[in-house]
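Hello,

Here is the structure I promised to hand over. Please have a look, then read the notes below.

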Amino acid sequence: MPSQHSNKPNIVMVMADQMTAFALSAYGNRISHTPHLDRLAEQSVVFEQAYCNSPLCAPARFTLMSGQQVSQIGAYDNAAYFPSTVPTFAHYLRAAGYQTCLAGKMHFIGPDQLHGFEQRLTTDIYPADFGWVPDWENFAERSDWWYHNMLSVKQAGVAEITNQYEFDDETCAQARQKLYDLARTTDPRPFALCVSFTHPHDPYATRRKYWDLYAADSIDLPAVPAPAYEQRDPHSQRLHHISDMGRFEISDEEIRNARRAYYGNVSYIDDCFGQLLDVLRATGLDKNTLILFTSDHGDMLGEHGLWYKMTFREWACRVPLMVYAPGRYAAHRVTQPVSHVDILPTLLDLAGGMEPVEPVAGHSLQGLLEGGQETREVIGEYTGEGCIAPLLMIRREQYKYVYCEVDPPQLFDLASDPLECDNLAAKPEYQALAAAFQTEVLQRWDPVALRQQVLQDQKRRRFLAHTLSQGAYQSWDFQPQQDASQRYMRNHLDLNELEFNSRFPRAPAFD
């Protein structure tokens, strides 16, 4: 069994997809049913104000894995190339002596589908090529074949099997099997297993058993209903366009159905998480395994009339972050704002205090995990669909400031206005604060130059996507390989030895 007496803990990172922190009772939700995650929260360090650094799948994951911001590594959108030269936490953990394994989604773009993981158990649910490149210069043209639209809301309800359930069922089964394999292995190295699900990401379709956990009249409507189109900020108007929100009228019943299915899929993730915990406990691996639970980004779920992500509104960019480490950290709650880029340096500390080979944007959470007090801030960048210029965010103390060169700035006091209804940026009494934030933005970034970099990168990748689709197509999608000749009983194996080594706990040995 690996690492039962090592100072380095085994690590299991569980990632949900599009799970807003506001959907969990650990973060104040009074509707969702998540008994396993509730117990985890009671025994963990819970980061109450954790953020993704970019509210879109691939950029959020690339920043989490690398500890770098979007603009540092070109992680602009869901078809952004992730270079093999960017060190990830999987590379660092391997260097520190860990076995590293990925089950499920990570949305890597490019021919490298491992990025430091020693083993990958499943393919990805999303394509690995450049087909999903936005076009800021032709913003009015919607890419209906891959953009979000409101059919996810209109068609919300019950489905026993979907594309996403097929993927997550496999991810959970493969991860459980891998934990059994790790319990039986003779490899002395500690392990780091990342299990990444695609739920509760839309479409909003859930199995009957999870739908029935929730009474229809128990489902909450958005706390901030949809404003009239002309009253929305410019970025929200653009999201209205790219998600085709003007095509359908959405009733309160349909909103409730979508949120009910979303809560159902949150419960499904809780169920999968519980299955992983069962294997950890049954094999004794739980005694020296640190568990980190998070999500790549959130979901607006109709708040402010918005759905999905692609915005720095709280429901889209606040994520759960819980760290369970028995015997290492006492359970407590952390109120300082932290973000995904902090995870890599934290894992480096856990792996023995490794130094990164190049500067990273994040800062280790070790002090906060140990109960210390630190001043923290969160920096965010969004350059995906729905933009025509980068959205740049600074989250510090009680304030959130969002800058875009083509839009009026936004400034919210989240302590007094947690629903983000009152933009303070234009109010006379906040002019000095807003000006200071803007000065800082222009010192941190060159927004004009960054926009040009994104536009050029989009143009290059659209050309490559078109070119690579001509003639014979070579897929970059990960192909899981399995040699059936080495599974179960085969005639080149000794039956007694096979049965002995495949059993956990081991049976008594006899000559």
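Does Asn 149 count as buried or exposed, and why? Asn 149 counts as buried because its relative accessibility is 18% (buried means under 20% relative accessible area, exposed over 50%, partly exposed in between, with a 1.4 Å probe and protein chains only).

Two notes on the source. This is a predicted model, where local features need pLDDT of at least 70, side-chain atom pairs count only at pLDDT 80 or more, and totals for chains, interfaces and linings use all residues. Residues are numbered from 1 along each chain as its sequence is written, and side-chain values use heavy atoms, without hydrogens and water.

Back to Asn 149. It lies in the loop between strand E5 (119-120) and helix H5 (151-154) (DSSP runs numbered from the N terminus: helices are H or I with at least four residues, strands E with at least two). Its side chain reaches the backbone nitrogen of Leu 151 at 2.8 Å. Leaving out residues up to four places away in sequence, Asn 149 touches Arg 142, Ser 243, Asp 244 and Tyr 308 (contact means heavy atoms within 4.5 Å).

Now the rings. The whole structure has 17 aromatic pairs (rings of Phe, Tyr and Trp, the latter by its six-membered ring, with centres within 6.5 Å; planes under 30 degrees apart are stacked, over 60 edge-to-face, the rest tilted). Trp 132 and Trp 146 form a stacked pair, 5.9 Å centre to centre with 5° between the planes. Both lie in the loop between E5 and H5, so the pair ties together parts 14 residues apart in sequence. Trp 132 and Trp 146 are buried.

Best wishes

Notes:
A polar contact is a pair of N or O atoms within 3.5 Å; within protein, one must be able to donate a hydrogen and the other to accept it, and residues adjacent in sequence count only if both atoms are side-chain atoms.
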